[in-house]
Amino acid sequence: MKETYQEEALMDVQTKKEDSGSICRFCSAPLKHTFVDLGMSPLCESYVPQDKLNSMEPFYPLKVYVCEKCFLVQLDEYVSASDIFTEYAYFSSYSDSWLAHAKKYTDLMQQRFKLNEKSMVVELASNDGYLLQYFVEKNIPVLGVEPAINVAQVAIEKGIPTKTIFFNEFTAPQLKDEGFSANLILGNNVLAQVPDLNSFVKGIKILLKLQGVVTIEFPHLMKLMDENQFDTIYHEHFSYFSFITAEKIFTEQGMTLFDVEELPTHGGSLRIYARHSDDDSKPVGERVLGLRKREREAGFLQLETYENFKNQVEETKRSILEFLIQAKREGKTVAGYGAPGKGNTLLNYCGIRTDFIDFTVDRNPYKQGKYLPGTHIPIYSPDKIGKFKPDYIFILPWNFKDEIINQLQYIRNWGAQFVIPIPKLQIV
Ligand SMILES: [Zn+2]
């Protein structure tokens with residue numbers, strides 16, 4: 001596989017000139033307040049191949065702001081989206097629980113919105129077709145939109161019609177001209193990655209039929225803060241949403257959120273349901289009113305709530321390092337499990353390299369044989385664990401911890417234990 005993603009990230013990055021001149025990507029107010037500062041970090045998906053180990057590696061600030069006007073928590077676009085997403089290493093299909101989640105979603109949508117062979121389902125950031133394949137099985141027409149060329153190619157080979165474009169208010173009319181008009185538009189974990197939020201939501205409105213439905217899933221900022229998930233912050237995620245702020249963004253473009261579900265995925269996500277504001281066939285439900293109220297009561301309309309978050313993040317760093325220092329002093333070995341983006345944020349922020357974690361393993365062959373960005377911890381295939389027999393397995397994708405602990409029960413044979421760093425360091 002070509003290394004264009006790596007090379008582009010190294011050579012063709014665009015950084016903003018003046019940190020102080022940043023404005024909110026939704027409401028354009030000046031950004032003056034820090035949510036959390038995770039220091040300098042490399043792009044979390046730029047895994048380093050062996051022959052680049054001695055090369056210069058770019059690090060960018062991982063400094064997150066909160067807008068005092070609309071409370072959108074956000075990173076500056078330190079690296080442009082086209083640099084990040086042209087060749088993306090993450091293939092959703094490698095996780096069993098994520099596939100089960102996708103399948104369940106398609107059953108739910110088909111029943112609730114009476115989708116059939118005359119409908120059209122469009123997925124934004126459709127990845128390798130992991131989700132749309134289940135609509136195809138039900139004979140419901142689909143279109144995937146996926147900007148990463150190598151990932152889109154995999155979908156096309158599986159028989160999922162896929163367009164390789166960045167979705168926005170300018171590309172949506174082109175799809176419409178080609179005859180696409182959607183009964184259902186879905187986007188899972190894409191909203192955070194959109195540099196121009198307003199243009200993206202405008203595009204959704206353009207492509208949606210009069211009585212069509214939009215569902216968007218994104219990690220819930222309230223969960224991120226409650227459960228201390230600071231490691232889900234990375235350069236590839238420009239924005240972090242509360243329900244209240246997401247609602248403002250859709251309202252601004254003439255859309256109404258009429259339902260919301262709270263899901264356990266990615267440590268706690270929201271699935272919002274949107275429609276055209278003038279489509280009164282779907283009234284605003286109880287769950288919308290309930291969540292709006294809970295967020296208001298939890299202080300999500302007060303700047304202070306956001307500004308307090310950094311204290312708990314710093315304490316987490318101290319407790320993780322405390323554990324690792326103690327383990328190493330006792331002569332214990334520690335292996336990682338997984339090589340997710342979130343792991344790279346955590347390891348770089350805490351300054352954990354092979355001095356603490358000997359290696360990590362990952363089921364994704366694209367990552368095996370490479371090294372974690374910044375920390376240069378080597379990535380092997382999971383069978384390395386059985387050969388090396390480490391004392392501790394440090395689980396980096398903690399959102400899959402149950403699945404991983406289940407798969408790795410054999411480490412109990414030599415008395416090893418699992419370490420789960422988030423929300424609070426836990427040894428099991
Ligand atoms: Zn704002």
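Mentor: Phe 35 and Ile 352 touch the most other members of the largest nonpolar core, which holds 108 residues. Helix 12 (residues 309-329) gives the largest share of this core, 7 residues. The model is predicted, so local features need pLDDT of at least 70 and side-chain atom pairs pLDDT 80 or more, while totals for chains, interfaces and linings use all residues. Numbering runs from 1 along each chain as its sequence is written, and side-chain values use heavy atoms, leaving out hydrogens and water.

Trainee: What makes a set of residues a nonpolar core?

Mentor: Its members are buried Ala, Val, Leu, Ile, Met, Phe, Trp, Tyr and Cys residues joined through side-chain atoms within 4.5 Å. Buried means under 20% relative accessible area, exposed over 50%, and partly exposed in between (1.4 Å probe, protein chains only).

Trainee: Which residues does a second, separate core include?

Mentor: Leu 132, Tyr 134, Phe 135 and Tyr 273 are among its 21 residues.

Trainee: Why are the buried residues said to be on the same side of helix 3?

Mentor: Trp 98, Leu 99, His 101, Ala 102, Tyr 105, Thr 106 and Met 109 are buried there. They cover an arc of only 155 degrees around the axis, so they sit on the same side of helix 3. The arc is taken from the directions from the helix axis to the C-beta atoms. Turned away from that side are the exposed Lys 104 and Gln 111.

Technical notes:
Helix = DSSP H or I, 4+ residues; strand = E, 2+ residues; numbered from the N terminus.
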